[in-house]
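Please look over the structure below before reading the numbered points. They go from the overall layout to single residues.

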Amino acid sequence: MRIFSGIQPTGSKHLGNYIGAIVQYVAGQERGEGIYCIVDLHATTVAYEPAELRVDSYDLAALLLAAGLDPKRCTFFRQSDVPEHAELAWMLASVTAYGDLQRMHQFKDKSARQRELVSAGLFTYPVLMAADVLAYRTDEVPVGDDQRQHIELMRDVAERFNGRFGEVFVVPEGRYPQVGARIMDLQEPDRKMSTTGGSEAGVVHVLDTPNEILKKFRSAVTDSGSDVRRATDKPGISNLIEILAATSGTPMEEIEQQFVDSGYGAFKTAVAEAVIDYLAPVRERYGELRRDEPGLELVLAEGAEKARAIAAETVADARRAMGLGPVRAHR
Ligand code: TYM
């Protein structure tokens, strides 16, 4: 079973990324052949600083290693080091419907936020995502809930390509965590936690200090009433219950029983403490890993070599199927 996922080197990574995605990457190393990618090409689709992008990619590499990715047990690389992703994206664009891309929520949201250029890259972003996944003939893609539409699109693209040119690609399945697939902003619990557009107080970063984490949870927006239970009209408390469940491994029903007699204050402190314990080991390991930039570069370069061996084979098959180049493609 092959597992692939990608993550953007933009902004600092938050608790939503960690619970919704990163934890599943680490678990994927045990369940199958994990392939994980820092998607720096995707990060160029909105305004950005070149020097910062390189630094952010190292930050993210160190963070993922600190979280438990082990280059001996998975393939871990930077997208732009494997040119097959961009090549395949062009090829897949010819079997992607323009109308489907126009319907993507993420494109609508992000293009509305751009002050200057709305790039064609932002529009075709999901095609590059499809290329990332299909290049590895991936069975399963662990992601958070916000990526559902992109996963559906890549499945359609794979099916359309296979139907038109012959069976080249595996049609991948999304894998969404049962608890924590959509972690919400602590200040605005009806929007997802995100570094773009969220308030600083509503977003818990993986590398926040224990004190910062405590403060953010203590000031989290809750609802009127005092019951610690999940309900649609209690998005703040429901989100905190979900965070506690994900970080402590306790079922949500049990948490509701446990806190039946306590007020919101004590509950919020308990959630903060669980999150602090949960993230502490990552923060501890991060510093040392981040200092060794040549070491990070070496890990990514070795990963890219492993990834390229797989992707090049798939792309050669796709070229042949599409009638590009000689019958036996020499690369
Ligand atoms: P990115 O970098 O925005 O987010 C990385 C992962 O974190 C998940 N996530 C969340 N999960 C739960 N609650 C939240 N509030 C939350 N916010 C983010 C995302 O679902 C994602 O899994 N387009 C992708 C990157 C990508 C990719 C791919 C993913 C590029 N190519 C191929 C899978 C396969 C993205 O922007 O992720």
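1. Layout. The protein splits into domain 1 (2-180 + 292-322) and domain 2 (200-287), with bounds that come from an automatic or database domain assignment. The C-alpha centres of domain 1 and domain 2 are 30 Å apart.

2. Basis of the values. This is a predicted model, in which local features need pLDDT of at least 70 and side-chain atom pairs count only at pLDDT 80 or more, while totals for chains, interfaces and linings use all residues. Residues are numbered from 1 along each chain as its sequence is written, and side-chain values use heavy atoms, with hydrogens and water left out.

3. The domain interface. In domain 1, 14 residues are in contact with 18 residues of domain 2, contact meaning heavy atoms within 4.5 Å. Between them, domain 1 and domain 2 bury about 1,300 Å², with 72% of it on carbon and sulfur atoms. Buried area here is the accessible area (1.4 Å probe) that two parts lose on being put together, summed over both.

4. The rule does find 5 residue pairs in polar contact across the interface of domain 1 and domain 2, both residues at pLDDT 80 or more. A polar contact is a pair of N or O atoms within 3.5 Å; within protein, one must be able to donate a hydrogen and the other to accept it, and residues adjacent in sequence count only if both atoms are side-chain atoms. On the side of domain 1 that touches domain 2, helix H1 (15-31) and helix H3 (50-67) each supply at least two residues. H3 gives the most to that side, with 5 residues. Helices (H or I, at least four residues) and strands (E, at least two) are DSSP runs, numbered from the N terminus.

5. The largest core. The largest nonpolar core has 57 residues, and those touching the most other members are Leu15, Leu64, Phe76, Phe217, Phe267 and Val275. Helix H12 (residues 264-291) gives the most to this core, with 12 residues. Each of domain 1 (2-180 + 292-322) and domain 2 (200-287) provides at least three residues of this core. A nonpolar core is a set of buried Ala, Val, Leu, Ile, Met, Phe, Trp, Tyr and Cys residues joined through side-chain atoms within 4.5 Å. Buried means under 20% relative accessible area, exposed over 50%, and partly exposed in between (1.4 Å probe, protein chains only).

6. Leaving out residues up to four places away in sequence, Val275 touches Leu15, Val204, Ile213, Phe217, Ile243 and Thr247.

7. Ala89. This residue is found in helix H4 (residues 84-93). Ala89 is buried, at a relative accessible area of 13%. Neighbours within four places in sequence aside, Ala89 is in contact with Val127, Leu128 and Ala131. Ala89 and Tyr125 are 36 residues apart in sequence and 9.2 Å apart in space, C-alpha to C-alpha.

8. Arg290 and Asp59. By the salt-bridge rule the count comes to 24. In one of these, the side chains of Asp59 and Arg290 meet at 2.5 Å, N to O. The pair links distant parts of the chain, with Asp59 in helix H3 and Arg290 in helix H12, 231 residues apart. Are the two residues buried or partly exposed? Arg290 counts as buried, at 15% relative accessibility, and Asp59 counts as partly exposed, at 26%. Residues up to four places away not counted, Arg290 also touches Val55, Tyr58, Ala62 and Leu296.

9. Other salt bridges. Lys192 forms a salt bridge with Asp146, the closest N and O atoms being 2.9 Å apart. Lys192 is in the loop between strand S5 (173-175) and helix H9 (210-218), and Asp146 is in the loop between strand S4 (140-142) and helix H8 (148-165). Arg320 and Asp317 meet in a salt bridge of 2.6 Å, N to O; being 3 residues apart in helix H13 (residues 293-322), they are separated by about one helical turn. Glu30, Asp70 and Arg73 are linked in a network of salt bridges.

Technical notes: Salt bridge = Lys/Arg side-chain N within 4 Å of Asp/Glu carboxyl O.
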